[in-house]
Amino acid sequence: MERRRGVGLGLALTVTVGCAVAAVPIATAGQSRGTGVPAWGACPSEVAATSPAIQCTTVPVPLDYRNPAGTTIDLTISRIASVNPQKRRGVLLLNPGGPGLAGLDMPAQLVNRGIPASVLDAYDLIGMDTRGIGHSAPVDCRFTVEQGYPGNVPPWAKDAATVAADAQAARSVAEQCAANDADGRMAHISTANTARDLDRIRAALGEEKASFSGFRMGRRWAPRTPRCFPRRPTASSSTATSVTPR
């Protein structure tokens, strides 16, 4: 199965996307709230119903990293903690890709699919809904069944006419999403900002480094994070990319 095999797939190469923004000081959630690391609690009901072993919390991040003192959004993350603290190495951040899939139940999915016991010993498994998705400041384009929109993977374009039709459909979808984006979130949903969010999650969890495993399009964020933080030394392993702070 793809997800069982995918624990070692977090290092896929990707097209470069710019990451340069003004320097943003990172404070852990504990520093911003005065309570230590985030308080873990119950997950949203639909996640808890199918994955009762998972705990959830939220991490605040800037909507626009060029304006870190401006509007913030809350990212919802989940956890299945290491079952052997003596062997614990840290956290393993997970993303199912899609693009656009919610990921709060991903730790439980990996457990159910037989993730090796050595990984469960070594890591807290951290799932997440990335910005704009699920329980993390979602953007709802308000699609209807009647529209027949095929999603982010359109049918194969067999000729020039199909290419033109697909381009027009994509344009209409973008306009519809923009019309329903009252809070101005869409402009800040990007691979680069998600990489920055991953580093905020790392800091909020009180970790000096974090490992990452992504699936499908989620693999793009593994190489993106060191590109967004070029001054940070980076090491790779068979499971993910580890990033240490400045």
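Which residue's side chain meets that of R88 in a salt bridge with N to O at 3.0 Å? D124 does, and here are some notes on that pair and its surroundings.

1. This is a predicted model, where local features need pLDDT of at least 70 and side-chain atom pairs count only at pLDDT 80 or more, while totals for chains, interfaces and linings use all residues. Residues are numbered from 1 along each chain as its sequence is written, and side-chain values use heavy atoms, leaving out hydrogens and water.

2. On confidence (pLDDT, the predictor's own score per residue, from 0 to 100), the mean is 77, with 71% of residues at 70 or more. Go carefully with residues 1–18, where pLDDT is below 50; the model still gives that stretch 51 contacts beyond near neighbours in sequence (contact: heavy atoms within 4.5 Å).

3. The structure has 5 salt bridges, meaning a side-chain nitrogen of Lys or Arg within 4 Å of a carboxyl oxygen of Asp or Glu. R88 sits in the loop between β2 and β3 and D124 in strand β4, so their bridge ties together parts 36 residues apart in sequence (strands are DSSP runs of E, at least two residues, numbered from the N terminus).

4. R88 also bridges to E207, with the closest N and O atoms 2.8 Å apart. E207 is in the loop between α7 and β5, so this pair links parts 119 residues apart in sequence.

Key. Helices (H or I, at least four residues) and strands (E, at least two) are DSSP runs, numbered from the N terminus.
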